[in-house]
Amino acid sequence: MAKRRKKRYILLTSEPQKNPDHIAKAVLTSYKKLFGIFGLASADLRVIRNYPDKGMTILRCALDHVPRLLLAAAFVKRIDSEPVALRVITISGTVKKIKEKIRSLQS
Amino acid sequence: MRRFIDFWIKAETADKAVALLKVVRKLGFAGAVVEPGESIADDFEELKARARECGVSIYRKLVLKPDGRRDLLKSLRENRGKFEIITVLCENLETALVAARDSRVDTLIIPPRPRFRFDKGVAALIKNRVELPFTYFLEDGEAFLETALKVVEVLGRKIEIIVSSGASDELDLRGPRELASLLEVLGYDQQEALNSVSKVPEKVLETNLIKLSKNYVARGVIKLG
C-alpha cells in the first residue's frame, strides 16, 4: 500500500499586518515564480485557515517542500503594492498545535 | 542549542540600528554583525550597550569594495585591527583571487552575475568563507540564484558558506530558518544549512575575538594569566 505523504502546517503573518487571503496568494505566486507550476503541484500547497482579525494564515505543504515554501515566503516583498515582510511564526505537524500557538500568542 | 547570528546588517544611525536589532532579536537571532555608518562608527561601544539591553550581541563589520590588489592590501593593513569582521565584495577576478587567500579576510561576497569567471582555479586557492547576502536575492532573484548555484557547485564542498540578511531596513530582515532555507533549496541538508547562520559565523567571530584580544601574541600563541 502506498505510504501517505507527510505534511507540515505553517503559520504565517505579515509585517505590517495584511489580509491573510492576500498573504496566502502572495506566497503561492512567489512559489510559482521560483519553482514553476510543477513545483507548486508537487508541493501540495493548501490554504487551511485564515484569521483576518489577526492577519495570520495557516498553509499546508508536503514535508519535503517546507524549505521551498519558507524561501518562497521570504521572497515576498510586496502585497497590494506596499512593502511587507512575511514572518513564519511556527511550523507544526498538526493543526491542533498551530491553534495552540495562536491561542498562546493571544494570551 | 544553536545561537543564530545575522552576519550582515547595515545601520546608518544609532536609532536605526536599535530598531533593526529589536527585529533581529524578535526573529530569533542572538547576535548580529553590524556594518556601522559613519555617524555611529565612533560610538559603537555605546551601541553595543544598547544592543545588549535588547538581548543581542553585536560585532563590527567592514565591507571593502577594492578596485584592485593594492587597494585591498592597503585597506586590510589599515583596518584589520579595528573590526571584528572584514568582508570583501569581489567585483573583479584580481581582488577575488587575493581575498580568497588572504587570512585577514573573513568572508567574500561574489555579486550576482559577476563580470569574471570563478571556476576550479579560484576553488583551488580559496581558504576563506563565502557569504550570500539575502538582500541580493530580494533585489534580483534570478541573477542571485544563478550565482549562488555556481558558488555552491564550484566552492560549496570545499569551503563554508554563510547566509546573511544584508539588510538596512526592518522589512529586509528574515528569520534564521528562512535564511537557511536558501541553502536547503540549493542542495544542503537541514543541519548544514542551519550551520550557515549559526555555527559557522560563531566560529569566525570566536577566532577573530581571540585575535583582537590583548592576550593574542601570534597565530597559535596566546598569553595566559
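Two strands pair if DSSP finds at least two bridges between them, and the strands themselves (E, at least two residues), like the helices (H or I, at least four residues), are DSSP runs numbered from the N terminus. The model shown here is predicted: local features need pLDDT of at least 70, side-chain atom pairs count only at pLDDT 80 or more, and totals for chains, interfaces and linings use all residues. Residues are numbered from 1 along each chain as its sequence is written, while chains are lettered from A and ligands numbered from 1 in the order in which they are written.

**View 1. An open sheet of four strands in chain A has antiparallel pairing.** Reading across the sheet, the order is β2-β3-β1-β6. The edges are β2 (46–51) and β6 (85–92) of chain A, each of which pairs on one side only. On average, neighbouring strands are turned by 25° against each other, direction ignored; the axes here are lines fitted to C-alpha atoms, for helices over the stretch in contact, and angles run from 0 to 180 degrees between N-to-C directions. As a reminder, strands of a sheet pair through backbone hydrogen bonds, either parallel or antiparallel.

**View 2. Strand β1 (residues 7–15) of chain A pairs with β6(A) and with β3(A).** Seven bridges link β1(A) to β6(A) in the antiparallel sense. Strand β3 (residues 56–62) of chain A also runs antiparallel to β1(A), joined by seven bridges. Look for A:Leu11, which stands opposite A:Thr90 in β6(A) and opposite A:Ile58 in β3(A). A:Tyr9 faces A:Ser92 in β6(A), standing opposite that residue.

**View 3. Twelve residues of chain B are in contact with 14 residues of chain A.** Contact means that the C-beta atoms of two residues, placed from the backbone, lie within 7 Å. On the chain B side, helix α9 (residues 176–185) gives the most, with six residues. That side of chain B divides into five nonpolar, three polar and four charged residues (nonpolar: Ala, Val, Leu, Ile, Met, Phe, Trp, Tyr, Cys and Pro; charged: Asp, Glu, Lys and Arg; polar: the others, Gly among them).

**View 4. Helix α2 (residues 66–74) of chain A packs with α9(B) at an angle of about 125°.** Their axes are 8 Å apart. The two helices are therefore oblique to each other (under 35 degrees counts as roughly parallel, over 145 as roughly antiparallel, 65 to 115 as roughly perpendicular and the rest as oblique). Among the residues making the contact are A:Leu70 and A:Leu71 of α2(A), and B:Ser181 and B:Leu182 of α9(B). By class, this contact has seven nonpolar, one polar and four charged residues.
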